[in-house]
Amino acid sequence: MRVPRLALLAIGASAVLGLMLWLTNTLLQLYASVAATSVLLANVLIAGIAVLFLLLMGVLVYYGIVFSRPRRKDRVRKAPVKLPEQKSAVVDQTLQAVRRQVATIQDEVERQALLLRSQELERSLKYRELHIVVFGTGSAGKTSLVNALLGRVAGAVSPIMGTTTVGETYQFDLKGIQRELHITDTPGLLEVGVAGTERERAARQLATEADLLLFVVDGDLTQSEYQALKALQQIGKRFILVFNKIDRYPAADRNAILQRLQERVPDADIVAIAAAPLALRLATGETVQPNPDIVALLRQMVLILRSEGEELLADNILLQATRLGDDVKQLMDEQRLRQANRLVDRFQWIGAGAIWITPLPVVDLLATAVVNAQMVVELGRVYGCEMDLERGKELALSLAKTLAGVGIVTGVMEVVTTALELSVGGYVVGKSIQSVSAAYLTRIAGKSFIQYFRNDQDWGDGGITAVVKQQFELNRRDEFVKAFVKEAIAQLPKDAVNLLNPQRLQNEPENL
C-alpha cells in the first residue's frame, strides 16, 4: 500500500512544481512586456497579482480547516435555552408571585428552602441541562442500565432489592446531542419497611423533576408499576418504557410481553434491551460475557432529545415553577390557618367574658356583635382582605341570623348545658351557660368565616347555611365538647368557677 501512495505523492509534487515554474515564467514575461512601456505600471501589476494570490491561499486554508472538522458543532456545550415566549412569560410571572409570597412565610427553614428552589428555576430560565431519570421497581435493572449508558460501573449491581438508596446523578454524553446531559439512578419502588417507603417517595420526586424519564420494567407491568406510570403521565412527563432483561425470555414470550405493554400503554415509546446480559457458556466450557444490548434505546433517546429537547426543557421548567407556586400557596394557607385559629380562640373567650359581664335572658350572637365584627375584620386581614368594622358587623349579623334560623343557637345551648352539668356535677348557673354558649357560638362563627375567607370570600355552593351546619357538626363531638367546656371553666372569672360548683362553696366558704 505504501508504494502507490508515494508514487501519487511524487506525481502531485511534480505537477505542483511544474505549475509553479510555468506561473513564474509567465509572470516574468508579463513583467518584461509591461516594463518596456512603464516600470511603475509593471510593479503595480505584479503587486496586485501577489495580493490576489495571498487572498486565494487564505481562503483555501480557511475552508480546509472548516471541512476538516465537520463535527465541530457537536463539541459545543451548555448552549443557552430559549424558552418559547409564552411559557417563559408564565414562568416569570409565577416566580415573581412566589418571591412576593415567600417573604411572608414565617418559618425560616421553609422560607430559605423555597427561595433556593426559586433561584434554581430562575437560573433555569437562562440555562439548563437535559435531565434524564431512570425510574422503576427495585432491581428491575436500573443501575445496570445506567452503567451500560455510561460505559462504566457507576453503582453496585445486585439482585437484592434496595441497592440504590439515594438518587445518584452522573454527567452523560450522547452522540448527536449538543446539550450537557445528566442521568440519575433512583431507588426502586415497592421496597419494604419505613426506609423503603421514604426512598420510594424520594424516587417519585426525582421522577417528577425529569426532562425525560426512562421507566424500566423486566416484564409485564404490575398494578403498582402501572399506577405509578399513569400518575407520571397525568402530570405530563415524557418517558420511554424500557423492557429490560429480554435475554432471559424465549422469543415468543418476549414478543407477547411487548405486545401486552403496547396494549396497556398504547401511546408509549417502548424499547426492548438487555442492559446486563447473562454470561454465555461455550461448547468449549469457556464463559463469555456479551456486551449490553442498548442500541435501540440510544437511538430512541437521540430521536426524542433532538426533536423535542427544547420543548421538554420548557415544559419541565414551567411544571416546576407551577409546583413551586402551589407549594408556597399551601404553606401560606397553613400559616394563615394557624393565625386564624388563634384569633378565633382569643375572640371566643372575649365573647364569653362580654356575656358574663352583661348577661341576657337568652343567648344570642346579636349581643356580641361588636366582638364578632372585630373578629371578622381581623380574620379578613389575615387572608389579605381589608375591610372596615361596618362591613365586619354586617357579615357577623348575617351569620348570627343564620345560626338562629337553622336552630344552631338552641342546639348549642343544649350541648353546653349537658356538658356543664356533667363537668361540675349538677346545678349550673344560667349566666355560665350563656357565657360558655356564646364562646361556643363565636367559635362556630369564626370557623365558618375562616372557610369563607379561604374560599376567596365565597360561601360555596351550599351557601352560608351549609357552612355553619358543617362547622356545628365538626365541633359537637363529645371529646371536643368536654375539652371545650373544661377550658371554658378555666377561662371564666374565679367567681364563675365557684358558682358552678355549689359543693365547693359549702366546703370552702372562705372563697366567697
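Helix H11 passes helix H14 in a right-handed crossing, the near helix being turned clockwise from the far one by less than a right angle. This is a predicted model, in which local features need pLDDT of at least 70 and side-chain atom pairs count only at pLDDT 80 or more, while totals for chains, interfaces and linings use all residues. Residues are numbered from 1 along each chain as its sequence is written, and side-chain values use heavy atoms, without hydrogens and water.

Helices here are DSSP runs (H or I, at least four residues), numbered from the N terminus. The axes of H11 (residues 389-405) and H14 come within 10 Å and cross at roughly 65°; these axes are lines fitted to C-alpha atoms over the stretch in contact, with angles from 0 to 180 degrees between N-to-C directions. H11 is therefore roughly perpendicular to H14, a class that covers 65 to 115 degrees. At the crossing, Ser398, Leu399, Thr402 and Leu403 of H11 meet Ile464, Thr465 and Val468 of H14, with heavy atoms within 4.5 Å.

Aromatic rings form a further theme. Tyr383, Phe449, Tyr452, Phe453 and Trp459 are linked by ring pairs into a cluster, a pair requiring ring centres within 6.5 Å (six-membered ring for Trp; planes under 30 degrees apart are stacked, over 60 edge-to-face, the rest tilted). Phe449 and Tyr452 lie three residues apart in helix H13 (residues 430-454), and both are buried, that is, under 20% relative accessible area (1.4 Å probe, protein chains only). Phe449 also pairs with Trp459 in a tilted arrangement, 5.7 Å centre to centre and 55° between the planes. Because Trp459 lies in the loop between H13 and H14 (463-474), this pair ties together parts ten residues apart in sequence.

Terms used:
Helices (H or I, at least four residues) and strands (E, at least two) are DSSP runs, numbered from the N terminus. Buried means under 20% relative accessible area, exposed over 50%, partly exposed in between (1.4 Å probe, protein chains only). Angles under 35 degrees count as roughly parallel, over 145 as roughly antiparallel, 65 to 115 as roughly perpendicular and the rest as oblique.
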